[in-house]
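Here is a short report on one protein chain. Look at the sequence and the structure first, then read on.

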Amino acid sequence: MNHSEHSHPKVQKEIADPLGHSQEHNDHGHHEHAHLDTEENGIAISVTTHDSSVVGSYRLKTEKSFNDAQESTGKLLEQIASRVNEFGGLIGHIKAIVKEESDSCILSVTDTDANRRILQGSGAKIEGVAIVFGITPQQLQSIMQQTFGILKQ
């Protein structure tokens, strides 16, 4: 029996990535999925498979300034692409969002007067996703751990 003769109906699912984009997904009921999660030195990496793609999402905080963080992140994304190509993989999409950590204020009242505590923000938060083809989840996880480890130094 070939694939088109299967009796199970196709199920449409909405899949959202960490950056808020969504895509339609055909569930054929028999995909194998790998899932690898690590959090080390403040770098959280999650790698899964989706059909023929390997999807790695990441988030981390750096003490670098916003400008330095965005400059460094651009170079690191290029390095990830280069490493994926070295393994014979193809790039689907590699992206990041860099957010500046700003000051905040905690206000509280325990009697009649409001108390304020100012928290000075510093550094930047970085999160994003790499969608690639032709390499293993373990290879992408290793590439991302090594590459983002540089930013934390």
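This is a predicted model: local features need pLDDT of at least 70, side-chain atom pairs count only at pLDDT 80 or more; totals for chains, interfaces and linings use all residues.

## Ala-124 and its surroundings

Start with Ala-124. Leaving out residues up to four places away in sequence, Ala-124 touches Leu-60, Lys-61, Thr-62, Lys-64, Phe-66, Ala-69, Val-98, Lys-99, Glu-100 and Glu-101. Here a contact means heavy atoms within 4.5 Å. Ala-124 belongs to strand β9, which covers residues 124-133. Strands (E, at least two residues) and helices (H or I, at least four) are DSSP runs, numbered from the N terminus.

Is Ala-124 buried or exposed? Ala-124 counts as buried because its relative accessibility is 0%. The cut-offs are simple: buried is under 20% relative accessible area, exposed is over 50%, and partly exposed lies in between (1.4 Å probe, protein chains only).

One partner deserves a second look. Thr-62 is 62 residues away from Ala-124 along the chain, yet their C-alpha atoms are separated by 5.5 Å. Thr-62 lies in strand β5. Thr-62 also counts as buried, because its relative accessibility is 5%. Its side chain reaches the backbone nitrogen of Lys-64 at 3.2 Å.

Residues are numbered from 1 along each chain as its sequence is written, and side-chain values use heavy atoms, with hydrogens and water left out.

pLDDT is the predictor's confidence in each residue, from 0 to 100. The mean pLDDT of the chain is 79, and 75% of its residues reach 70 or more. Take care with residues 1-31. Over this stretch pLDDT stays under 50, and the model has 44 contacts there beyond four places in sequence.

## The chain as a whole

How many helices and strands does the chain have? There are 2 helices and 9 strands. Along the sequence they follow the pattern β-β-β-β-β-α-β-β-β-β-α.

The chain has 153 residues, and 32% of them count as buried. Now take the contacts between residues at least 6 apart in sequence. Of these, 61% join residues at least 24 apart. The chain exposes about 9800 Å², and carbon and sulfur atoms supply 47% of that area. Such areas come from the Shrake-Rupley method with a 1.4 Å probe; for residues, only the protein chains shown count as cover.

## The nonpolar core

A nonpolar core is a set of buried Ala, Val, Leu, Ile, Met, Phe, Trp, Tyr and Cys residues joined through side-chain atoms within 4.5 Å. The largest one here has 23 residues. Those with the most contacts inside it are Tyr-58, Ile-80, Val-84, Leu-140, Met-144 and Phe-148. Which elements give two or more residues to this core? They are β4 (43-50), β5 (53-62), α1 (66-86), β6 (90-100), β9 and α2 (137-152). Helix α1 gives the most, with 6 residues.

Beyond four places in sequence, Val-84 touches Gly-89, Leu-90, Ile-91, Val-132, Ile-135, Leu-140 and Ile-143. Leu-90 lies in strand β6. Leu-90 is exposed, because its relative accessible area is 57%. Its contacts beyond four places are Val-84, Val-132 and Phe-133. Leu-90 and Gly-134 are 44 residues apart in sequence and 6.2 Å apart in space, C-alpha to C-alpha.

## Charged pairs

Side chains of opposite charge can pair when their charged atoms come close. A salt bridge is a side-chain nitrogen of Lys or Arg within 4 Å of a carboxyl oxygen of Asp or Glu. A search of the whole structure finds 2.

One joins Glu-63 and Lys-61, with the closest N and O atoms 3.1 Å apart. Glu-63 is exposed at 58% relative accessibility, while Lys-61 is partly exposed at 27%. Arg-83 and Glu-86 also meet in a salt bridge, 3.9 Å from N to O. Both lie in helix α1, 3 residues apart, about one turn of the helix. Arg-83 is buried at 18%, whereas Glu-86 is exposed at 59%.

## A loop residue

Asp-51 sits in the loop between β4 and β5. Asp-51 is not a glycine, but it has a positive phi of about 50°. Why does Asp-51 count as partly exposed? Because its relative accessibility is 42%.

Notes
A polar contact is a pair of N or O atoms within 3.5 Å; within protein, one must be able to donate a hydrogen and the other to accept it, and residues adjacent in sequence count only if both atoms are side-chain atoms.
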